[in-house]
Protein chains: 4
Amino acid sequence: MIIVLKQGVTASAIKELTNRIESQGLAVSHFTDIKREFLGLIGDTTGMDPHQWQASPEVEQVIRVADPYKRANRKFHPQNSIVSVGDQTIGGDRLGIIAGPCSVESEEQIVTIAKQLKQAGANFLRGGAFKPRTSPYSFQGLELEGLKMLQTAKAETGLPIVTELMSTKWVDQFVESVDMIQIGARNMQNFDLLKEVGRTQTPVLLKRGLSATYKEWLMSAEYIMAAGNDNVILCERGIRTFETGTRNTLDIQAVPVMKELSHLPIIVDPSHAGGMSYLVEAGAKSGVVAGADGLMIEVHNDPANAWSDGEQCLTPDEFSSLMEKIRSLAIFEGRSVAEASTILTN
Amino acid sequence: MIIVLKQGVTASAIKELTNRIESQGLAVSHFTDIKREFLGLIGDTTGMDPHQWQASPEVEQVIRVADPYKRANRKFHPQNSIVSVGDQTIGGDRLGIIAGPCSVESEEQIVTIAKQLKQAGANFLRGGAFKPRTSPYSFQGLELEGLKMLQTAKAETGLPIVTELMSTKWVDQFVESVDMIQIGARNMQNFDLLKEVGRTQTPVLLKRGLSATYKEWLMSAEYIMAAGNDNVILCERGIRTFETGTRNTLDIQAVPVMKELSHLPIIVDPSHAGGMSYLVEAGAKSGVVAGADGLMIEVHNDPANAWSDGEQCLTPDEFSSLMEKIRSLAIFEGRSVAEASTILTN
Amino acid sequence: MIIVLKQGVTASAIKELTNRIESQGLAVSHFTDIKREFLGLIGDTTGMDPHQWQASPEVEQVIRVADPYKRANRKFHPQNSIVSVGDQTIGGDRLGIIAGPCSVESEEQIVTIAKQLKQAGANFLRGGAFKPRTSPYSFQGLELEGLKMLQTAKAETGLPIVTELMSTKWVDQFVESVDMIQIGARNMQNFDLLKEVGRTQTPVLLKRGLSATYKEWLMSAEYIMAAGNDNVILCERGIRTFETGTRNTLDIQAVPVMKELSHLPIIVDPSHAGGMSYLVEAGAKSGVVAGADGLMIEVHNDPANAWSDGEQCLTPDEFSSLMEKIRSLAIFEGRSVAEASTILTN
Amino acid sequence: MIIVLKQGVTASAIKELTNRIESQGLAVSHFTDIKREFLGLIGDTTGMDPHQWQASPEVEQVIRVADPYKRANRKFHPQNSIVSVGDQTIGGDRLGIIAGPCSVESEEQIVTIAKQLKQAGANFLRGGAFKPRTSPYSFQGLELEGLKMLQTAKAETGLPIVTELMSTKWVDQFVESVDMIQIGARNMQNFDLLKEVGRTQTPVLLKRGLSATYKEWLMSAEYIMAAGNDNVILCERGIRTFETGTRNTLDIQAVPVMKELSHLPIIVDPSHAGGMSYLVEAGAKSGVVAGADGLMIEVHNDPANAWSDGEQCLTPDEFSSLMEKIRSLAIFEGRSVAEASTILTN
């Protein structure tokens with residue numbers, strides 16, 4: 001951390017500030033420009049808030065040089081992390097393809113779709129049981145019933161389950177029932193929830209918040225990891241910008257940036273990013289060539305009658321056709337998608 | 001809700017779509033342009049997701065005309081709501097001035113500041129006991145200990161207490177201990193938490209999310225109200241934009257917009273918006289002349305040594321000086337700030 | 001400028017980089033942390049692009065400490081600038097109130113409105129002769145004819161004229177005909193146009209670009225000043241954000257920030273910011289209490305039939321009523337609005 | 001266009017509004033909901049500003065249903081446009097690869113790079129002669145000298161030239177000297193400049209403005225086309241968002257969206273979007289799989305000593321290596337990149 005001092009600060013004020021910094025266990029190094037003096041803070045400043053020094057009257061600017069995240073930082077963990085999810089892995093050469101409907105609507109629906117998805121080549125099943133809806137009057141999900149239906153679908157297909165957790169009160173049920181807990185965009189900085197899933201060993205799919213910076217996103221991963229759970233997978237799902245012609249703006253650059261800053265796997269969700277089914281293919285393929293470790297795609301057997309988010313769902317046939325392209329593209333990129341036949345456990 | 005049909009859609013497709021709409025208890029009205037056909041949905045579409053119809057292949061566009069919020073909507077509640085908080089009210093002629101430090105640091109600190117604030121004319125005390133920090137390595141608040149210190153400060157000064165709730169597990173303690181529960185910007189769409197505070201009758205200060213639209217913000221208020229708690233006060237605290245020269249961009253227009261759309265009281269928090277103490281006065285005064293029902297201002301006895309957010313805190317003297325201006329400005333606006341002497345209960 | 005070197009950079013690479021910096025006439029100072037080395041660039045780096053050094057393989061980060069603007073910088077010009085516009089001034093104790101219709105529509109219209117505005121207390125007349133319209137099929141302004149009508153209105157009322165210049169080819173006509181040249185938001189980084197108006201001595205009203213940062217805005221002022229014209233007045237008119245409930249988001253904090261960074265006068269345009277007439281009062285009053293040196297307000301005799309931007313126009317009566325409040329508020333702030341009677345020259 | 005009337009509007013007010021609409025040559029159709037009345041405007045509303053009606057007191061909301069752009073609209077021109085640029089084309093099966101340095105620095109530099117680019121497989125040469133720099137103190141380009149150097153490079157390699165035009169005063173020289181005129185992001189709504197290039201037949205590369213919506217971007221294309229020049233190629237180069245970890249956010253979804261809305265070719269510029277060389281590959285490949293008709297990539301023989309934007313430049317070797325991947329990826333997508341050997345004219 002570097003503190004830029006205001007011009008004309010007295011030596012005694014600098015001395016006093018230096019003492020305050022040193023009292024927090026850091027060493028201080030001086031640096032002088034023609035016009036300005038600087039203080040370099042030497043030591044572990046990871047947990048230190050740069051704003052803390054900003055309030056001092058002699059300080060013009062505080063510049064953080066070191067990254068505030070440790071466990072998620074590639075500098076301290078150069079190899080890519082590979083996270084085991086059920087009998088699959090995400091983060092290595094094989095892409096994880098998570099597919100399924102926005103909401104679990106019935107046992108028949110989810111089992112039917114799960115079979116179609118597996119047939120088409122997905123290796124994880126997603127489906128919302130608890131739904132974060134903007135309106136309290138909209139369908140809120142089948143909740144625990146939905147969770148059971150997902151388990152049935154898993155029993156029938158062998159596909160590991162990914163579903164969203166919105167409340168700390170269901171953590172135990174999720175740990176027992178699901179293979180990966182999804183933390184949604186709106187809860188990315190629900191620190192209480194992050195700490196709770198950090199106390200489990202269940203893999204966590206951490207979606208990027210709608211207006212979260214790269215660093216804030218990694219700090220949320222750090223919350224989970226600092227609590228003891230290293231099984232974190234990032235998910236880029238579009239950010240909020242001025243452009244309203246698409247639901248959100250897919251930030252495809254997030255993939256190489258996260259790969260540079262962190263060792264954690266990252267997947268791309270083109271369905272939520274664009275919010276329209278015709279945008280899914282471009283987003284999915286971009287994710288693969290940008291280096292993502294997987295994709296999350298909404299698929300519904302009857303999009304026009306889906307209980308939520310129908311306009312961004314692919315049909316099983318469209319998904320199947322997309323998967324053929326994704327498989328080839330993965331090979332083009334020196335990777336692969338796990339074959340459906342190798343997934344089935346029963 | 002109006003559905004714009006694609007050009008060239010067949011009569012039978014329109015008939016089928018009409019049937020589907022009618023099966024949800026709505027009537028349908030036709031409307032024809034030279035080039036296009038439209039369907040008007042007649043009935044209560046409040047809980048209906050416009051996206052539901054977007055997935056149908058014959059649909060070009062779905063336009064919501066009615067507002068998706070009811071209880072928070074001024075159309076159905078033309079008078080301004082006035083919310084009682086402790087022995088005070090927010091929403092009428094008298095402005096509510098909520099002041100205090102970012103974090104409760106010790107009993108002595110919070111009691112001392114509370115006395116100074118009351119002296120200067122604040123009528124509510126704020127102070128963080130549970131802190132939503134970006135980093136897991138930063139100070140997370142004194143938690144329940146902090147809550148007790150706030151109660152001591154209230155006992156000494158009579159000032160009602162406002163503090164942030166981050167977890168459903170402390171709802172009962174908050175209901176017992178505090179006069180107003182703050183829901184922070186990062187939790188504005190933590191629907192689980194909104195439902196829980198909605199089940200209480202404790203007033204809720206609902207901060208706007210960093211990238212929340214006006215409608216999303218009102219829908220979050222609607223969550224609380226739909227669960228049974230009408231005592232909601234909105235708080236504009238800056239939004240995230242491309243501009244990084246200030247911490248956030250204070251959206252002063254939010255005040256008249258919310259007054260137009262809703263009957264709920266709204267206050268302004270200039271401290272978090274700008275993130276720098278020299279910006280507080282302009283933001284606070286703008287809030288008053290824009291029609292806000294109160295202000296929330298961070299004050300710390302020793303900003304340079306505050307445990308968090310020091311650079312945006314006023315000193316008690318600065319706050320006292322600001323309050324003189326705010327009092328005059330309130331009168332200029334045909335309102336007033338409650339006198340300190342009328343607040344003290346003991 | 002501080003260059004943060006990557007960890008593990010060799011001494012010879014540092015030496016080579018140091019030589020390259022010194023070859024540009026700067027001195028270099030070293031600074032060492034436990035983990036990192038830094039280079040401080042000593043000398044005038046105002047015109048230097050920090051990105052220039054970023055491309056070097058040994059560089060992790062380049063931090064600009066000095067401001068890139070000189071002439072607009074308050075550090076080198078501590079007193080507020082006061083700009084003379086016609087027989088008025090902007091930037092001192094008296095607020096400049098610029099009012100008028102979006103477009104000049106006819107001589108009768110502009111003369112009539114000008115008289116009403118003067119009566120109500122405006123001290124400048126605005127009106128668009130050249131209109132920057134999003135659509136090529138929309139009315140583009142009366143162009144030079146409109147300019148003549150503005151001059152007629154000035155002859156009748158004495159009000160100095162402010163109007164937008166969009167093309168370098170009309171610079172001479174504008175210098176002859178108008179009292180202040182407006183550079184619109186869309187042209188804020190039309191550097192060619194900035195240089196041309198910089199070669200005149202006509203005051204320039206520089207509107208902030210829709211997505212311009214504070215520093216970019218000041219750099220555009222710097223373009224005008226560097227070309228020889230110090231008569232620059234800034235105008236905050238709303239920025240583009242994710243919020244579409246208002247046309248733009250009025251960044252009221254821009255006023256105190258610009259006052260801190262620069263000595264140039266700044267005014268606020270609440271009409272374009274909000275895009276709706278009911279938002280004008282809140283924005284205008286916020287501008288005054290935030291410290292702005294003036295306001296720009298759209299007024300039309302018949303908003304429902306205005307050729308452009310009718311929904312954000314006040315009627316002359318509404319404007320007159322607003323002006324009463326603005327006059328009192330200016331006095332509250334220790335300033336004033338020039339009386340109409342003192343303005344008339346004939 | 002649909003006008004939603006306020007509740008309780010009188011029949012006579014509706015009649016009066018209807019008359020006003022009809023007086024503009026449109027027919028009006030009524031439509032009634034339980035709570036509201038609507039007016040449908042029938043006829044050509046392309047040039048009509050929806051805001052025009054918003055100012056009427058009886059109007060609650062105005063909804064534009066028809067697109068405001070005609071010539072750029074795919075609905076009226078279903079086939080993809082193919083634009084001839086020099087002896088090449090952009091918009092068909094073969095991708096256009098535009099490469100070169102940010103600034104032309106010397107004849108030797110540009111000729112050397114041009115040869116390397118051609119060798120690597122580029123089919124167009126770019127290089128800035130007039131530079132839009134944020135600071136007036138930064139290098140502004142070699143101007144007409146630079147233009148001559150580009151022509152020399154073309155003479156040596158046969159590569160058609162693309163370079164940015166910032167001022168209407170150089171239009172004639174550009175028409176004579178260059179194969180494609182680039183309009184930069186900052187000038188996307190410099191309507192004067194758009195009209196001038198619209199009067200030529202030289203192909204125009206229209207970069208998206210930093211905060212331009214899809215519709216505004218198309219309206220700027222419409223300006224050029226309405227003036228008579230249909231040879232417009234769009235270029236996505238990143239938009240400004242809250243994220244500052246990259247220079248801009250590459251909006252990869254813009255490619256399929258523009259393909260849906262318009263028949264114009266679109267290319268992607270990953271160099272300016274990310275602002276860092278390590279992000280170029282991901283952006284370029286994403287562009288290809290998202291369906292772009294070409295790429296624009298910055299290449300410099302010595303990035304660390306480039307006069308501008310060095311940190312985002314590839315070296316010729318890196319570019320050559322990227323081109324191998326792009327060629328394969330183009331084939332994967334059923335397209336191709338023109339071979340270097342087929343380009344050379346001499």
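1. A:Ile14 touches A:Leu5, A:Val9 and A:Glu37, leaving aside residues up to four places away in sequence; contact here means C-beta atoms, placed from the backbone, within 7 Å. With A:Glu37, 23 residues apart along the chain, the C-alpha separation is 9.2 Å.

2. A quick note on provenance: this is a predicted model, where local features need pLDDT of at least 70 and side-chain atom pairs count only at pLDDT 80 or more, while totals for chains, interfaces and linings use all residues. Residues are numbered from 1 along each chain as its sequence is written, with chains lettered from A and ligands numbered from 1 in the order in which they are written.

3. A:Ile14 sits in helix H1 (residues 11–22) of chain A; helices are DSSP runs of H or I, at least four residues, and strands are E runs of at least two, numbered from the N terminus. A:Ile14 is partly exposed, because 17 other C-beta atoms lie within 10 Å (20 or more would be buried, 12 or fewer exposed).

4. Over in chain C, H6 (residues 191–198) and H7 (residues 214–226) have axes that come within 7 Å and cross at roughly 40°. That makes H6(C) oblique to H7(C) (under 35 degrees is roughly parallel, over 145 roughly antiparallel, 65 to 115 roughly perpendicular, the rest oblique).

5. Now the B–D contact: chain B puts in 16 residues and chain D 16 residues. On the chain B side, strands E1 (2–5), E2 (27–32) and E3 (37–42) each supply at least two residues, and E2(B) gives the most, with three.

Methods:
Two residues are in contact if their C-beta atoms, placed from the backbone, lie within 7 Å. Axes are lines fitted to C-alpha atoms, for helices over the stretch in contact, and angles run from 0 to 180 degrees between N-to-C directions.
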